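Hi,

Have a look at it before you read on.

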Amino acid sequence: MSAADFDDLEFARQQLHLAVAELSGTEMTPRDRVQLGLLAAQVALSDRLSALIPGNATAEADPTEHPSVDNGLAIVDELALAAGKASEDVRWTPALCERILRTSSPAGHRLVQALLAEGGSASIDRLTELTGDTTLRAATQSLNMAARREGAAHTLPERRLIQAHRFPHPVTSKVSAYSLPAEAISSFTTAVGLLGEMHRRLYEPPAS
């Protein structure tokens, strides 16, 4: 194999996954976790930049939502699980959902409200109509990261709170819809209501 044929990004990705597999079930030192976490973040960033280069991504595709893209934070979640640092189950309580909404962006809050209005799942066109946002990428990223920070994403597919759906092909087609986990809809509905009531009390003048 020539130097031109060598894919250094793919090699780094493979070595990272090998390291995760080898360390699974062992007691990792804080230094090990930090080093592997940094490598995971570098691999993820390289993947994203590669996907954004013209000719490397399909039109209108979202590289951060493609199943083939390794997400650095998702791999850090795997490291935490391997080290026994993450809880086995996630209880979707209104308090947890409220914390996720508080630490996400305003666009993320709007996206959750739109999804709840549609029963937990809706097409991209419908969501952009309801939120008024021309793109939903920033909103999904914000919510997914907020859920990871709360330790609530490690049991979800692709470690993502907001699930992306593609049609007609589940891998190569562009994202056509988003959804919330069904088990979290009730708690997010309560959390949105609580935050809305708090906002009204703080910022709306009392009725005369």
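Which residues of helix H4 (residues 94–103) are buried? They are Leu96, Cys97, Glu98, Ile100 and Leu101, where buried means under 20% relative accessible area, exposed means over 50% and partly exposed is in between, with a 1.4 Å probe and protein chains only.

Before the rest, some ground rules. This is a predicted model, in which local features need pLDDT of at least 70 and side-chain atom pairs count only at pLDDT 80 or more, while totals for chains, interfaces and linings use all residues. Residues are numbered from 1 along each chain as its sequence is written, and side-chain values use heavy atoms, with hydrogens and water left out. The H and E labels are DSSP runs numbered from the N terminus: helices (H or I) have at least four residues and strands (E) at least two.

Back to H4: its buried residues pack against H5, H7 and helix H8 (185–203), with contact meaning heavy atoms within 4.5 Å.

That leads to the core. A nonpolar core here is a set of buried Ala, Val, Leu, Ile, Met, Phe, Trp, Tyr and Cys residues joined through side-chain atoms within 4.5 Å. The largest one has 32 residues, and Trp92, Ile100, Leu161 and Phe188 touch the most other members. H4, H5, H7, E3 and H8 each supply at least two residues of this core, and H5 gives the largest share, six residues. If you click on Trp92 and skip its neighbours within four places in sequence, its contacts include Cys97, Ile100, Leu161 and Phe188.

Now the helix pair. The axes of H5 (residues 106–117) and H7 (residues 137–149) come within 8 Å and cross at roughly 95 degrees. Axes are lines fitted to C-alpha atoms, for helices over the stretch in contact, and angles run from 0 to 180 degrees between N-to-C directions. H5 and H7 are therefore roughly perpendicular to each other, a label that covers 65 to 115 degrees. On the H5 side, Ala107, Gly108, Leu111 and Val112 meet Ala139, Thr140 and Leu143 of H7. By class, that contact has five nonpolar, two polar and no charged residues; Ala, Val, Leu, Ile, Met, Phe, Trp, Tyr, Cys and Pro count as nonpolar, Asp, Glu, Lys and Arg as charged, and the others, Gly among them, as polar. Ala138 also lies in H7, and at 47% relative accessibility Ala138 counts as partly exposed.

Finally, the sheet. Three strands form an open sheet in the order E1-E3-E2, with antiparallel pairing; two strands pair if DSSP finds at least two bridges between them. Strand E1 (121–123) and strand E2 (163–166) are the edges, each pairing on one side only. Three bridges join E1 to strand E3 (residues 175–179), with Ser179 as the bridge partner of Ser121. Four bridges join E2 to E3, and His165 stands opposite Ala177 in E3. E3 is mostly covered, with four of its five residues buried. Helix H6 (residues 124–131) lies across E1 and E3, running at about 95 degrees to E1.

Cheers

How values were computed. Angles under 35 degrees count as roughly parallel, over 145 as roughly antiparallel, 65 to 115 as roughly perpendicular and the rest as oblique.
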